[in-house]
Amino acid sequence: MAEPQTLRPSTPSFVPPPVLPEGRFRRGVRRAMDRSAAAGIISRPLLGRLPLRRWVPQDLHSLMDYQGGTAVVVAGVLSGDAVAKSAGIVLGSTVLGVSLLTDYRLSLTKLIPIEAHEIADHAFGVASILAPFVLGYAKRSPLAAAIHVAVGVTTILASLVTDYRCQTGMHLGGELATDPGAIGA
């Protein structure tokens, strides 16, 4: 005859998986793709409609702003044309300055509301597209003109689908929104 088995209380033996060291690149990618509350407070839609979709992360858009501004400045300076040089320096410095002062994670300080940055992105895109033709350096410096137009088009397209987020809750009108609620949902 078999003896009854007694049930022993078992203690769970949970061993967490080892934490692998995360390199700068991987940490940067993880942070850029972050959609949690740590990524910031979602911006209010401009005109009730913009952005059209929110699939480009704010940090990726920020890096694109810095890259685009730098490309516009460098293209203008290297063009050899005085007008293209001036346009490149003014346009590029403007977008770099706005990016450094915007209320998002990859800025130097948080002075400009994210919605104002979005408006500036659209204005910069249009200005970059029109500058070679309005200022007349499209034929004299075609490479600089092509880069200015390409950066302008890219900026507008990216702005239409960026998940704009602010860090401090600063919005146009000066109000602070610490609870994002349904903003931009």
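Biologist: Is His-61 buried or exposed?

Modeller: Buried. This is a predicted model, and in it His-61 has 1% relative accessibility. The cut-off for buried is under 20%, so His-61 counts as buried.

Biologist: Which helix is His-61 in?

Modeller: His-61 sits in helix α2, which covers residues 58–79.

Biologist: And what does the side chain of His-61 make a polar contact with?

Modeller: With the side chain of Thr-162, at 2.8 Å.

Biologist: What else is His-61 in contact with, leaving aside neighbours within four places in sequence?

Modeller: Besides Thr-162, there's Val-56, His-117, Asp-121, Ala-158, Ser-159 and Tyr-164.

Biologist: OK, switching to His-148. Where is that one?

Modeller: His-148 is in helix α5, residues 142–160.

Biologist: Buried or exposed?

Modeller: His-148 is at 0% relative accessibility, so it counts as buried.

Biologist: What does its side chain reach, then? I mean His-148.

Modeller: The side chain of His-148 reaches the backbone oxygen of Val-72, 3.2 Å away.

Biologist: And which residues is His-148 in contact with, again skipping neighbours within four places?

Modeller: Val-72 is on that list too, along with Ala-75, Gly-76, Ala-84, Gly-88, Ser-128, Ile-129, Pro-132 and Tyr-137.

Biologist: Let's talk helix packing. How do α2 and α3 cross?

Modeller: Their axes come within 7 Å and cross at roughly 160 degrees, with α3 being residues 82–101. Angles over 145 count as roughly antiparallel, so α2 and α3 are roughly antiparallel to each other. As for handedness, α2 passes α3 in a left-handed crossing.

Biologist: Which residues make that contact?

Modeller: From α2, they include Asp-65, Tyr-66, Gly-69, Val-72 and Gly-76. From α3, Ala-84, Lys-85, Gly-88 and Leu-91 are among them. Val-72, Gly-76, Ala-84 and Gly-88 also turn up in the contacts of His-148.

Biologist: Zooming out, how many helices and strands does the protein chain have?

Modeller: There are 5 helices and 4 strands. From the N terminus on, they run α-β-β-α-α-α-α-β-β.

Biologist: How much of the protein chain is buried?

Modeller: Buried residues make up 39% of the 185 residues.

Biologist: Last one: among contacts between residues at least 6 apart in sequence, what share joins residues at least 24 apart?

Modeller: That comes to 72% of those contacts in the protein chain.

Terms used: Residues numbered from 1 in each chain as written. Predicted model: local features only at pLDDT ≥ 70, side-chain atom pairs only at ≥ 80, totals over all residues. Heavy atoms only, no water. Helix = DSSP H or I, 4+ residues; strand = E, 2+ residues; numbered from the N terminus. Buried < 20%, exposed > 50% of the residue type's maximum accessible area, 1.4 Å probe, protein only. Polar contact = N/O pair within 3.5 Å; in protein donor to acceptor, adjacent residues only side chain to side chain. Contact = heavy atoms within 4.5 Å. Axes fitted to C-alpha atoms, helices over the stretch in contact; angles between N-to-C directions. Parallel < 35°, antiparallel > 145°, perpendicular 65-115°, else oblique. Left-handed = near helix turned anticlockwise from the far one by under 90°.
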